[in-house]
Amino acid sequence: MNAPAPYPAAPARKLRVATTSLGGCFGCHMSLLDIDERLFELIEHVQFDRSPLTDLKAVGPCDLGLIEGGLCNAENIEVLQAFRAQCKVLVAVGACAINGGLPAQRNRLDIGDVLREVYVHRPGTREDAQVPCDPELPLPLNQVRPIHEVVLIDYELPGCPPSADTFWAFFTDLLAGRTPRLAHGQIHYD
């Protein structure tokens with residue numbers, strides 16, 4: 001009697017990854033894309049949900065969420081909370097997500113004064129210019145906030161932006177089952 005053929009090994013489940021951006025410059029996403037040809041290796045192990053590599057507008061349940069940008073307006077808070085609800089693990093990516101970054105430079109100023117300066121008093125504006133007041137526009141927050149003030153963050157990738165090698169080291173550790181640890185040279189702000 002012949003022994004039954006062994007079942008083929010089930011393919012390893014890919015890590016489902018999503019990304020989003022709040023109030024920032026999108027530079028952290030560009031740095032992620034700077035891993036260049038290593039993207040092909042990464043795609044062997046991860047499936048991207050909402051990201052710069054897909055055209056998905058909404059995020060579904062995922063294993064890992066990468067989020068860049070600070071909280072500059074009410075819509076940012078809504079996006080952050082909805083994103084956190086879908087992600088098992090959430091990573092704050094870059095200075096804006098971690099501490100407010102460059103957008104937080106306005107925190108020492110009155111938001112009303114800032115809006116009037118931009119929309120009313122700037123040279124070249126019409127005499128009847130007003131600060132926009134449309135319900136379609138997100139309400140600016142008085143202060144730019146880092147995302148950890150609103151939701152639980154599991155990891156941080158510091159930098160402005162984090163380097164492509166920092167992203168690669170993070171993914172390499174995570175996919176190998178190790179707690180991600182960044183070497184000293186990967187923690188810097190250019």
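I looked up the second largest pocket and found about 170 Å³ of space in it. I am working from a predicted model, where local features need pLDDT of at least 70, side-chain atom pairs count only at pLDDT 80 or more, and totals for chains, interfaces and linings use all residues. Residues are numbered from 1 along each chain as its sequence is written, and side-chain values use heavy atoms, with hydrogens and water left out.

I noted the terms. A pocket, on a 1 Å grid over the protein atoms alone, is an open set of points where a 1.4 Å probe fits, with protein on both sides within 12 Å along at least five of seven lines; lining residues have an atom within 4 Å of a point. Volume is the space filled by probe spheres set on the points, which are joined across faces, edges and corners.

I then listed the lining of the second largest pocket: 15 residues, with Cys25, Gly27, Cys28, Cys96 and Cys160 nearest the centre. Two or more residues come from each of α1 (27-33) and α4 (94-99). Helices (H or I, at least four residues) and strands (E, at least two) are DSSP runs, numbered from the N terminus. α4 gives the most, 4 residues.

Next I checked the largest pocket. Its volume is about 450 Å³. I found 18 lining residues, and Leu115, Tyr119, Pro138, Leu139 and Pro140 lie nearest its centre. β4 (71-73), α5 (111-119) and β6 (140-145) each supply at least two. α5 gives the most, with 5 residues.
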